Amino acid sequence: MKYSNESVNCPNCRNDSCHNFYSLYEQPVSENILYTNQTDSLQAQCGDIELFLCEHCGLVFNWAFESHKLDYGAEYKYTLPPSTYFEAFINELAKDLIETYNLKHKHIVEIGCGKGDFLNLLCKLGNNSGVGYDTSYEGPLETNNGKINFVREHFSPKGMKHIPDMICCRQVIEHITNPGNLISTVKSVLGKDALTTLFFETPDFAWILKNMVLWDIYYEHCSYFTEESLIGLFTTNGFKILRNEKIFNDQYLRIDARLDLSLYKKTYPKISANTVQTVNNFKVQAKKRLTNIRSKSKDFSTKGSWVIWGGAAKGVTFCNLVKHEVGDKLHVVDINPIRQGKFVPVSGYPIISPDKLVYIKPHTILIMNGNYQKEIEMTLKNLGIMANVICVDDL
Ligand SMILES: [Zn+2]
């Protein structure tokens, strides 16, 4: 454990009004580093989670997070899920950004572009040029006749030739210990009169709290936001909010913003008492929720083979929450070929392709993300699999 009785300051606003409300130990440091053999997966690097709420700026952060344990290098395999639901979501999002901000023949920068799929889509749909930054990027550094370039480094102003029309940043800010520093770095590339639109997307911690989604709290995510704290982060740093909304069936927050230095403040606004109360309720309810999912998982194993559908972050976290109760009766299914044939870090469960279910013959299939339930049920129907299908939200 990193801390004992030392006072805890918020990494964002430095305030010391922070309290611990959720703890989990010996969790895999990454859900996206995959193992080709079970022995290695069982010995995967672990880290602790000590979630604190800053009662001033509202940031939720893992005080026990140690950044040196995580390596976002080539071994880090994050790809967009190959799902029809997700594909429709991401296409709709890209089209909306292009239409709303007239991103045609413009220049786009993406912070944390992964394999570059979203940047490529934005550039293709609007005939735009782009630069993607990601330390785990593996493809060619130049594509589309030089219109799209990739930099295998963290985002920085270094080498930036001109001010972009848009900076997008999907599912990245939650991986950063001091989100205010990232916003400052973004600001430093803009210049005071820039009309650049920022588009940021991150999990909505209010959704996690409300639905008790314990498997959405994992080591890679060291910072969590509600709509209130995310708006506070941008406005305090001198950005005007153009649009903020919940997307992906309320699981994510979207914020569009533009520089307006007249809004800049030296201190963050204080969050509402309601947020503090909600987090305090979660502190009590999370223990009951954990006991409940462990008990139900144990019951599933008593009845024979069962599977979790979804071997990405939610599935990996769920496996590690229940590993002491379920024994060897559990398999994990994933439609993403890069995960199939691999093993879940720390808990060591095998990840299989859906067609292997005909041999496993599971009595229960637990779906880790309700957004994909319809397409999963269609796949099961096509494979002729008869099993009890439950969404984890209903467990
Ligand atoms: Zn704070």
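1. Starting in the sheet: Glu201 has Arg254 in E12 as its bridge partner. Strands E9 (residues 197–203) and E12 (residues 252–259) run antiparallel and are joined by seven bridges. Two strands count as paired if DSSP finds at least two bridges between them.

2. Some housekeeping. This is a predicted model, where local features need pLDDT of at least 70, side-chain atom pairs count only at pLDDT 80 or more, and totals for chains, interfaces and linings use all residues. Residue numbers run from 1 along each chain as its sequence is written.

3. Back to the sheet that holds E9 and E12: an open one of eight strands, with mixed pairing and the order E6-E7-E5-E4-E8-E9-E12-E11. Strand E6 (142–143) and strand E11 (239–247) sit at the edges with a single partner strand each, so one side of each has no neighbour in the sheet.

4. On to the domains. The assignment (bounds come from an automatic or database domain assignment) gives domain 1 as 1–295 and domain 2 as 296–394. Their centres, taken over C-alpha atoms, are 27 Å apart. Domain 1 puts 33 residues into the contact and domain 2 puts in 30; contact here means C-beta atoms, placed from the backbone, within 7 Å.

5. Which elements give two or more residues to the side of domain 1 that touches domain 2? They are E1, helix H1 (38–42), helix H2 (84–100) and helix H7 (273–303). H7 gives the most to that side, with five residues. By type, the residues on that side of domain 1 divide into 16 nonpolar, 13 polar and four charged. Nonpolar covers Ala, Val, Leu, Ile, Met, Phe, Trp, Tyr, Cys and Pro, charged covers Asp, Glu, Lys and Arg, and the others, Gly among them, are polar.

6. The largest nonpolar core has 104 residues, of which Leu122, Val307, Ile308 and Trp309 touch the most other members. Such a core is a set of buried Ala, Val, Leu, Ile, Met, Phe, Trp, Tyr and Cys residues joined through C-beta atoms within 7 Å. H8 gives the most to this core, with seven residues. Both domain 1 (1–295) and domain 2 (296–394) give residues to this core, so it lies between them.

7. Trp309 deserves a look of its own. Apart from neighbours within four places in sequence, Trp309 is in contact with Val333, Ile365, Leu366, Ile367, Met368 and Ile376. Val333, in E14, is also the bridge partner of Trp309, and Val333 stands opposite Ile352 in E15.

8. Around that spot, strand E13 (residues 306–309) and E14 run parallel, joined by four bridges. E14 also pairs with strand E15 (residues 351–352), in the parallel sense, over two bridges. In E14 (residues 330–333), Leu330 and Val332 point one way, His331 and Val333 point the other way, and all are buried. Buried means 20 or more other C-beta atoms, placed from the backbone, within 10 Å of a residue's own; exposed means 12 or fewer, and partly exposed is in between.

9. Glu26, in strand E1 (residues 18–28), counts as exposed because it has 10 C-beta neighbours inside 10 Å. Val8, in the segment before E1, counts as partly exposed because it has 18 C-beta neighbours inside 10 Å.

Methods. Two residues are in contact if their C-beta atoms, placed from the backbone, lie within 7 Å.
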